[in-house]
Amino acid sequence: QVQLVESGGGSVQAGGSLRLSCAASGATRSLYLMGWFRQTPGKEREWVATIRTRTSITYYDNSVKGRFSISQNNAKTAVYLQMNSLHPEDTDMYYCAASTRPDPYGTTYATPRVYDYWGQGTQVTVSS
């Protein structure tokens with residue numbers, strides 16, 4: 001089992017920055033992928049970014065590429081999402097997720113059902 005706890009959400013004006021953190025505990029050595037998703041009530045969960053825990057290879061949705069950056073600590077027990085140049089449309093609940101599936105062909109890292117563990121979410125609000 002893996003437990004995930006997010007922090008760092010808040011309110012910011014458009015153009016501002018926030019840094020989200022996700023602390024992982026438990027069987028973290030079993031993880032291959034860690035990612036960030038976001039969701040508006042009533043809508044499907046949307047993928048934002050993923051990092052491969054064993055290689056630090058990163059992937060981003062086109063809507064955040066060049067503005068957001070995902071990283072992990074050396075112990076691979078925390079993942080971060082640095083969000084710059086925030087837009088009002090980035091307003092959402094952000095969730096950290098972790099997967100024990102290796103995704104060897106790079107075809108599933110953006111799919112929510114691939115992730116086994118989820119945090120409780122942290123709210124990000126960007127005002128215009």
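## Close-up views of a predicted all-strand chain

**Figure 1. Strand β4 and its partner strand β9.** In β9, Ser99 is the bridge partner of Leu33. This pairing belongs to a predicted model, in which 7 bridges join β4 to β9 and the two strands run antiparallel. Strand β4 is also joined to β5, by 6 bridges and again in the antiparallel sense. How much of β4 is covered? Of its 7 residues, 6 are buried, and the strand is therefore described as mostly covered. Strands of a sheet pair through backbone hydrogen bonds, either parallel or antiparallel.

**Figure 2. The hairpin of β4 and β5.** This hairpin has 6 residues between its strands, and Gly42 in the hairpin takes a positive phi near 90°. Within the paired strands, Glu46 in β5 is the bridge partner of Arg38.

**Figure 3. The salt bridge between Asp90 and Arg38.** The closest N and O atoms of Asp90 and Arg38 are 3.0 Å apart, and the two residues form a salt bridge. The pair links distant parts of the chain, since Asp90 lies in the loop between β8 and β9 while Arg38 lies in strand β4, 52 residues apart. Are these two residues buried or exposed? Asp90 has a relative accessible area of 1%, which means that this residue is buried, and Arg38, at 5% relative accessibility, counts as buried as well.

Figure 4. Asp103 forms a salt bridge with Arg52, with 3.6 Å between the closest N and O atoms. Here too the pair links distant parts of the chain, with Asp103 in the loop between β9 and β10 (117–118) and Arg52 in strand β5, 51 residues apart. Asp103 counts as buried at 5% relative accessibility, and Arg52 counts as buried at 13%. The side chains of Arg101 and Asp116 meet in another salt bridge, at 2.4 Å from N to O. Both Arg101 and Asp116 lie in the loop between β9 and β10, so this pair ties together parts that are 15 residues apart in sequence. Arg101 counts as partly exposed at 40% relative accessibility, and Asp116 is partly exposed as well, with a relative accessible area of 31%. A search of the whole structure finds 5 salt bridges.

**Figure 5. The largest nonpolar core and the surroundings of Tyr94.** The largest nonpolar core has 27 residues, and those that touch the most other members are Leu4, Met34, Trp36, Leu81, Met83 and Tyr94. Two or more residues are given to this core by each of β1 (2–7), β3 (18–26), β4 (33–39), β5 (46–52), β7 (68–72), β8 (78–83), β9 (92–99) and β11 (122–127). Which strand gives the largest share of this core? The largest share comes from β3, with 4 residues. Leaving aside neighbours within four places in sequence, Tyr94 is in contact with residues including Leu20, Trp36, Arg38, Phe68, Leu81, Met83 and Val124.

**Figure 6. An open sheet of 4 strands.** The strands of this sheet follow the order β1-β3-β8-β7, with antiparallel pairing. Strands β1 and β7 stand at the edges, each with a single partner strand, so one side of each is left without a neighbour in the sheet. From one strand to the next, the twist averages 15°. Strands β7 and β8 pair in the antiparallel sense over 5 bridges, and Phe68 stands opposite Met83 in β8.

**Figure 7. The chain as a whole, for orientation.** The protein chain has 0 helices and 11 strands. Along its principal axes, the C-alpha trace spans about 40 × 30 × 25 Å. With 128 residues, a compact globule would have a radius of gyration near 14 Å, and the 14 Å of the protein chain agrees with this. Of the 128 residues, 44% count as buried. Among contacts between residues at least 6 apart in sequence, 57% join residues at least 24 apart.

Definitions and conventions
Residues are numbered from 1 along each chain as its sequence is written. This is a predicted model: local features need pLDDT of at least 70, side-chain atom pairs count only at pLDDT 80 or more; totals for chains, interfaces and linings use all residues. Side-chain values use heavy atoms; hydrogens and water are left out. A nonpolar core is a set of buried Ala, Val, Leu, Ile, Met, Phe, Trp, Tyr and Cys residues joined through side-chain atoms within 4.5 Å. Buried means under 20% relative accessible area, exposed over 50%, partly exposed in between (1.4 Å probe, protein chains only). Contact means heavy atoms within 4.5 Å. A salt bridge is a side-chain nitrogen of Lys or Arg within 4 Å of a carboxyl oxygen of Asp or Glu. Two strands pair if DSSP finds at least two bridges between them. Axes are lines fitted to C-alpha atoms, for helices over the stretch in contact, and angles run from 0 to 180 degrees between N-to-C directions. The radius of gyration is taken over C-alpha atoms; the globule rule is 2.2 Å times the number of residues to the power 0.38.
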